[in-house]
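Subject: A structure for you to look at

Hi,

Here is the structure I promised to pass on. Have a look at it first, and then read my notes below.

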Amino acid sequence: MTRRKNKHPKRAENARTVVVVKSSVVEMGREEEEEEPVLCVRISDVVGGQVENEKQEKKELTSLGGKGAKRKRTNECDVSGKKCDYPSKLVIHMRTHTGEKPFECDLCEKSFRQAGNLKSHMRTHTGEKPFECDLCEKSFREAGTLKSHMRTHTGEKPFECDLCEKSFRQAGNLKSHMRTHTGEKPFECDLCEKRYRQRHALHDHKRRCH
């Protein structure tokens with residue numbers, strides 16, 4: 001029976017060489033080649049190094065605000081110090097300082113700080129009132145207005161003055177009321193410089209006097 005010729009003689013030689021080297025140590029008693037020294041590390045060094053690595057990783061996480069780190073609040077206004085939950089809210093808040101109103105109405109050219117405010121404003125042109133009361137069927141342009149309206153049915157007045165304990169259905173009404181205690185009059189007539197606590201009082205003044 002003839003022996004088949006190996007198609008890969010080099011591979012065979014390499015394999016044989018490996019076998020010879022191994023067998024030279026065990027079977028044939030050939031002289032062993034001097035092996036290169038291997039660096040052995042003590043287990044205590046490895047464990048210590050692992051601890052140091054973990055400390056370094058923790059340190060980097062802390063500096064980057066990662067998991068387990070004390071996060072530095074980055075969504076803080078540099079002007080007023082107000083802290084916002086999200087970067088997007090900080091962007092909107094900053095417009096109160098810069099006066100930027102990037103959302104402009106195509107019909108009357110009024111501008112707004114937020115896209116949602118523009119959307120609500122557009123309903124003044126379209127007459128759309130998508131928020132309807134289930135009890136009296138009144139309709140409103142904004143969800144917040146409907147929510148305030150519902151308190152006329154429930155009698156709820158969640159906004160209470162800390163000084164005189166008066167309560168109000170809307171936060172804006174409480175804010176206006178607080179000016180009776182502080183004496184603040186932020187609404188000034190640009191014609192005669194008279195000042196008022198409420199915006200509607202200023203409008204009434206302009207209609208009557210100017």
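**Where to be careful**

Residues 37–53 keep a pLDDT under 50, and the model gives them 1 contact beyond four places in sequence. Two terms there: pLDDT is the predictor's confidence in each residue, from 0 to 100, and a contact means heavy atoms within 4.5 Å. Residues 8–34 also stay under 50 in pLDDT, with 7 contacts beyond four places in sequence. Where pLDDT is low, the predicted coordinates should not be read in detail. Over the chain, the mean pLDDT is 76, and 65% of the residues reach 70 or more.

As you will gather, this is a predicted model, so local features need pLDDT of at least 70 and side-chain atom pairs count only at pLDDT 80 or more, while totals for chains, interfaces and linings use all residues. Residues are numbered from 1 along each chain as its sequence is written, and side-chain values use heavy atoms, with hydrogens and water left out.

**Helix α3**

Helix α3 covers residues 87–98; its 12 residues reach 16 Å from first C-alpha to last, close to the 16 Å expected at 1.5 Å a residue. (Helices are DSSP runs of H or I with at least four residues, strands are runs of E with at least two, and both are numbered from the N terminus; the expected span is 1.5 Å times one less than the number of residues.) Leu90, His93 and Arg95 of α3 are buried, where buried means under 20% relative accessible area, exposed over 50%, and partly exposed in between, using a 1.4 Å probe and protein chains only. The buried residues of α3 pack against β1 (103–104). After the helix comes Gly99, with a positive phi near 80 degrees.

**The cysteines**

How many disulfides are there? Taking a disulfide as a pair of cysteine sulfur atoms within 2.5 Å, the count is 0. Cys77 has its closest cysteine sulfur in Cys84, 7.2 Å away, which is too far for a bond. Cys105 is in no disulfide either, and the nearest cysteine sulfur, in Cys108, is 3.7 Å away. Cys77 counts as buried because its relative accessibility is 3%; for Cys105, the value is 1%, so Cys105 counts as buried.

**Met122**

Met122 sits in helix α4 (residues 115–126) and is partly exposed, at 27% relative accessible area. Leaving aside residues up to four places away in sequence, Met122 touches Cys105 and Leu107. Met122 and Arg141 are 19 residues apart in sequence and 9.5 Å apart in space, C-alpha to C-alpha.

Enjoy exploring!
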